[in-house]
Amino acid sequence: MNTQPSSLPAAGQRLRQAVDEERPLQMVGVPNAYCALLAQRAGFRAIYLSGAGVANMAYGRPDLGLTARAEVVEEARRITAVTSLPLLVDVDTGWGDEIADCVRELEQAGAAGLQLEDQVEKKRCGHRPGRVLVSITEMQTRLSAALAARRNPDFVIMARTDAGSVEGVAAAIDRGRAYIETGADMIFAEALTSLEQYREFTEAIQVPVLANLTEFGQTPLFDREQMVQTGVSLLLYPLSAFRVMSKAAEGLYASLRSDGSQRAWLEHMQTREELYELLDYHTAELAQDEQHKQDRHNDD
């Protein structure tokens with residue numbers, strides 16, 4: 001059941017408002033619906049569904065463009081069903097001719113927008129070597145198809161460029177400007193490596209710019225106060241929670257096999273009652289009990 005009150009503005013409008021009101025807006029990656037609830041409790045105003053996160057966590061695949069449109073849309077739908085936080089969805093290179101369907105399905109799913117990138121269809125992680133970009137014209141064609149498909153003009157179309165670390169910052173700026181001319185609402189500047197590069201980029205790009213502060217990549221882990229001075233509008237932490245969860249699970253599994261018990265890990269675990277509180281379990285349980293009583297009464 002979708003928990004979004006009908007009186008709320010559209011998700012895209014809420015995302016745009018958050019970008020205007022919190023500079024830079026911290027946007028955290030949520031690999032699933034439960035993590036979206038945790039992000040909401042922590043006070044984040046916007047969340048992100050990473051293409052790598054869907055591939056890695058939901059399907060056990062590498063981030064090489066191996067997920068299908070339906071798989072990503074379904075994860076988005078699960079997340080928007082439990083939180084009213086605006087969700088930006090990474091759709092990689094857009095699945096060719098499927099981009100229009102993708103836009104319509106994500107709008108119907110309640111997403112705030114999508115992020116579309118300018119690599120070739122057989123893409124790579126934005127912090128890996130060997131990335132190949134499509135031409136500016138081809139990326140503009142992708143963007144034009146996405147823009148033409150959206151029904152709500154507030155639905156955000158963000159264009160990502162990987163040119164900064166492939167062709168240089170000047171080329172990334174040229175691409176960013178071309179994507180804005182096509183109609184992109186925001187620009188994702190991938191894998192820049194210094195505060196100076198971000199300043200140069202944002203001074204030239206007159207729409208909100210996103211910086212990807214992913215771990216173990218080419219971009220240093222600048223803190224929020226450092227990024228304030230660059231003019232960047234959004235700070236993305238796409239896989240931070242996934243990496244922490246994965247490391248913890250790896251350690252627990254190894255400990256269980258070696259020690260034969262999970263007792264040493266209890267202090268690192270969320271308790272059953274904490275889980276129930278976040279999910280409002282007891283309310284749902286009472287409602288289920290009432291329904292069972294009603295069903296028995298009707299049967300009598």
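Residues are numbered from 1 along each chain as its sequence is written. Because the model is predicted, local features need pLDDT of at least 70 and side-chain atom pairs count only at pLDDT 80 or more, while totals for chains, interfaces and linings use all residues.

The axes of helix α5 (residues 99-109) and helix α6 (residues 136-149) come within 8 Å and cross at roughly 40°, where helices are DSSP runs of H or I with at least four residues and axes are lines fitted to C-alpha atoms over the stretch in contact. In α5, I99, A100, V103, R104 and E107 meet R142, A145, A146 and A149 of α6, contact meaning heavy atoms within 4.5 Å.

| Largest | about 760 Å³ | L38, M245, A248, H268 and Q270 |

A pocket is an open set of points on a 1 Å grid where a 1.4 Å probe fits, with protein on both sides within 12 Å along at least five of seven lines, and its lining residues have an atom within 4 Å of a point. Helix α11 (240-259) gives the most to the lining of the largest pocket, with eight residues, whereas helix α3 (residues 51-59) supplies the largest share for the second largest pocket, three residues.

How values were computed
Heavy atoms only, no water. Axes fitted to C-alpha atoms, helices over the stretch in contact; angles between N-to-C directions. Helix = DSSP H or I, 4+ residues; strand = E, 2+ residues; numbered from the N terminus. Points joined across faces, edges and corners; volume = space filled by probe spheres on them.
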